[in-house]
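User: I am new to this structure and would like to learn how to read it. Please guide me through a few of its features.

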Amino acid sequence: MTAGAAPSGAAAFGEVFRFEVGYRLRQPSTWVYALVLFGLPFLLMHAINGSSQYLNAPASVMQASTILGGLAMLVTAGVFGDAASRDVQTRMHALFYTSPLREPHYLGGRFLGGLLVNAVLVAGIPLGLLAASVMPYMEAGKFGPVRPEAYLQAYALVLLPNAAVIGAFMFAAAALTRQTLATYLGGVALFLLGTVAGDVAGTLGGGDVQTLLDPFGSGAITKATQYWTPVEQNARLIGWPAVMLANRALWLGVAALVVALLVARFRFAHPGGAPRLGRRPAVADAAPERP
């Protein structure tokens, strides 16, 4: 992007968004991530034996997606850390910092581009679980009837919201520090925030409040299924329980707040604090007045 007449906000955002998605799709690491996030759950279903319920029961799919989604945080860190700090690391930041591009369009395009790519990548988890359940060579009795809606719910209630929440914290940490490794600090901050909030809620009696304050949604799943019979565990869909929806809405709101604070705080300044070229601060005249 070159200096000149400033493009409209929507055009600038769209250009950054398209660039980010196109860049990620051209990187070999993106396809390695996709292979890992599909292959790991696929192989996991082959390795598990002796389960008391069907491996593709809706509750099992939800629990497996939660666990594997935790491992996918490494992929999320790679995607968002690169999106937030790549320009500084490759020393291309001066081109953006001296262009008519504005910070909200730059950050919004980069964040949403990374989120779209990450959302597609984590879809490999339920797809891998589903693919394993329909393999004709699998042991009889290991899997029950295939219910595609169970995998859709796991994606919509767990994987996609968690990608947005975790990504917001990681992207903000990397963007503010201009360091890729800072994405892990963002993940740690989210984990600590959820832990402290849960401990505080626990001292106040726990219950629904403690469930709401779990940033990854696993507590909401446990609460929604805690009284299910073995038959229900094998066949019943999670559905859209109110406690789960409230938990997801709360943490998506927190993620939106984190991104908003990032936009308010971020400035096109070179590492070390030098201001963006073309935005010189006013300098007071320090010379004494002549009599």
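User: Over which residues does pLDDT stay under 50?

Analyst: pLDDT is the predictor's confidence in each residue, from 0 to 100. Here it stays under 50 over residues 274–291, for which the model has 17 contacts (heavy atoms within 4.5 Å) beyond four places in sequence. The chain's mean pLDDT is 84, and 84% of its residues reach 70 or more. This is a predicted model: local features need pLDDT of at least 70, side-chain atom pairs count only at pLDDT 80 or more, and totals for chains, interfaces and linings use all residues. Residues are numbered from 1 along each chain as its sequence is written, and side-chain values use heavy atoms, leaving out hydrogens and water.

User: How are helix 7 and helix 8 packed?

Analyst: Two packed helices are described by the angle between their axes and the distance between the axes. Axes are lines fitted to C-alpha atoms, for helices over the stretch in contact, and angles run from 0 to 180 degrees between N-to-C directions. Helix 7 (residues 124–133) and helix 8 (residues 148–177) pack at about 160°, with axes 9 Å apart. They are therefore roughly antiparallel, a term for angles over 145 degrees. Helix 7 contributes Ile125, Pro126, Leu129, Leu130 and Ser133 to the contact, and helix 8 contributes Tyr151, Tyr155 and Leu159.

User: Is Asn118 buried or exposed?

Analyst: Buried means under 20% relative accessible area, exposed over 50%, partly exposed in between (1.4 Å probe, protein chains only). Asn118 has a relative accessible area of 0%, so it is buried. Leaving aside neighbours within four places in sequence, Asn118 is in contact with Val75, Thr76, Val79, Phe80 and Ala163.

Key. Helix = DSSP H or I, 4+ residues; strand = E, 2+ residues; numbered from the N terminus. Parallel < 35°, antiparallel > 145°, perpendicular 65-115°, else oblique.
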